[in-house]
Amino acid sequence: MAASQEREHGYTRYKLDKCRCYTCAWANSQYVEARARAIAYGTWQPFVDAEPVRQHLHNLQSCGTGLRRIAEAVGVDRKRLRAVLTGRPERGTGPQERVRPDFAAAVLSLEPSLKLMGSHTPINAVGTHRRLQALMVAGWPMERIAAALGQRNSNMAALMLRPQVIVRTALTVQGLYDQWWRSDPRAHGVDSQAYAATRKKAARLGWSPVGAWDDDTIDDPAAVPDLGQAVTRTEAIAEDATWLMESFGYDRQAAADRLGISKNGVAQALSRTARANGEAPAEEPVRVWEPPKCGEARMYRQHLRRGESCEVCRGANAAADRRYRLTGSRAEAS
C-alpha cells in the first residue's frame, strides 16, 4: 500500500500527497487561517530550539529509558527522536536544530520513572530493599511477603542482598508496599508470635520504618531515613495513640489493641506526656453502662454463662470478631 493511501485525510495529505478532496482542502484552509491570525497577533512560532529537547532525551537515556519507550510515550516514530539526537546520516543531515513546539512539549513533559522503562531493565535495588524492610518493621513476615509476590522464601533472601533488580520486580514490590504499608498484619491473619518475631528481627537489623521515607526519597541511594527527634517510649506511645484516636476514631482500648499494649499503658502515656507539656491530662469520656440486650455481641457471653443458646447473639458476636480482625475494634462504626 502506498504511503499516500496510509495517511489520513487532512493537512499532511494535502501538502505531501497533493490530495485536493474536501477534507484535505478544509484542513489546509484552517491551517492557513490560524497561521495568518497568529502572525497578526505576533504569536506565530512554528519551530523552537531543539537543544533542550536533545538534552532531555540524553537525561532520559542516562536513567535507563530507551528510545523505543520514549517514542511510544510521545506517540512518534523513533526516527524522529534519532533525527534530534544524531541526525539522519543516510540523508546526509546532522542533528535537528529546530523542532515543532508540540513535539518539544511532549518530550519535555516526560519524567524519568520505572513505568517508562522496560520491564527487564536492571536498576538499583535500594528502593526495593527499603520497602521490604519497612514492611517487616511493620510486622509483615517474609513468608507472607514472598507469597504475595509469588516468590519462594529462598528467592526473597537473595533479593534482599541483590544490588540490582529488574524494573518488573521493583514495580511489583512497590505495588505491594502501597497496598500494605498502612495495614496491621494481625488484622490480616498474621499471628501475634510471627508479628512480634518479625518486628524484633527488623529492629535488631536496624531497618527503618515506613514513616522514615517519603515517596521522593525512598528510591534515592543518597537519601537517609528521617527518624524524627529522639523520644522516649512513653512519648512515642502517646503520639501513636493520639494519631489512632484522632485519625480513625479509635477509643483507648482499640488504640491499645492496635499498639499491642494494655489500655492502662495508653492512659499512663497520655497522662504523663500531657503533664510534661504543662497540659491537663485528657479524660476519656465516661460511658453510662447499659445492660446488654439480645442481638448485641456482649449479650452472647451472658447467654453462655446461663447455659442458653441464642443464634442472634452468636451472629452478633461473630460479626464483632470479624470487625476486630479487620479494624482492630469490635465496636460498630458510628
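Here is a short chat about charges and side chains in a predicted model.

Biologist: How many salt bridges does the count come to?

Modeller: Side chains of opposite charge can pair when their charged atoms come close. Here a pair needs a side-chain nitrogen of Lys or Arg within 4 Å of a carboxyl oxygen of Asp or Glu. By this rule, the count comes to eight.

Biologist: Arg54 and Glu51 meet in a salt bridge, so what separates them along helix 4?

Modeller: Their side chains meet at 3.0 Å, N to O. Arg54 is buried, because its relative accessibility is 12%, while Glu51 is partly exposed at 33%. The two are three residues apart in helix 4, so what separates them is about one helical turn.

Biologist: Which residue meets Asp219 in a salt bridge?

Modeller: The N to O distance in this pair is 2.9 Å. Asp219 sits in the loop between helix 12 and helix 13 and its partner in helix 8, so the pair ties together parts that are 88 residues apart in sequence. With a relative accessible area of 7%, the partner is buried; it is Arg131.

Biologist: Is His56 buried or exposed?

Modeller: You can find His56 in helix 4. Its side chain reaches the backbone oxygen of Val107 at 3.4 Å. Buried means under 20% relative accessible area, and His56 has 14%, so it is buried.

Biologist: Where does Lys18 lie?

Modeller: Lys18 has a positive phi of about 60°, although it is not a glycine. At 58% relative accessibility it counts as exposed. Its place is in the loop between helix 2 and helix 3.

Note on methods: Residues numbered from 1 in each chain as written. Predicted model: local features only at pLDDT ≥ 70, side-chain atom pairs only at ≥ 80, totals over all residues. Heavy atoms only, no water. Helix = DSSP H or I, 4+ residues; strand = E, 2+ residues; numbered from the N terminus. Buried < 20%, exposed > 50% of the residue type's maximum accessible area, 1.4 Å probe, protein only. Polar contact = N/O pair within 3.5 Å; in protein donor to acceptor, adjacent residues only side chain to side chain.
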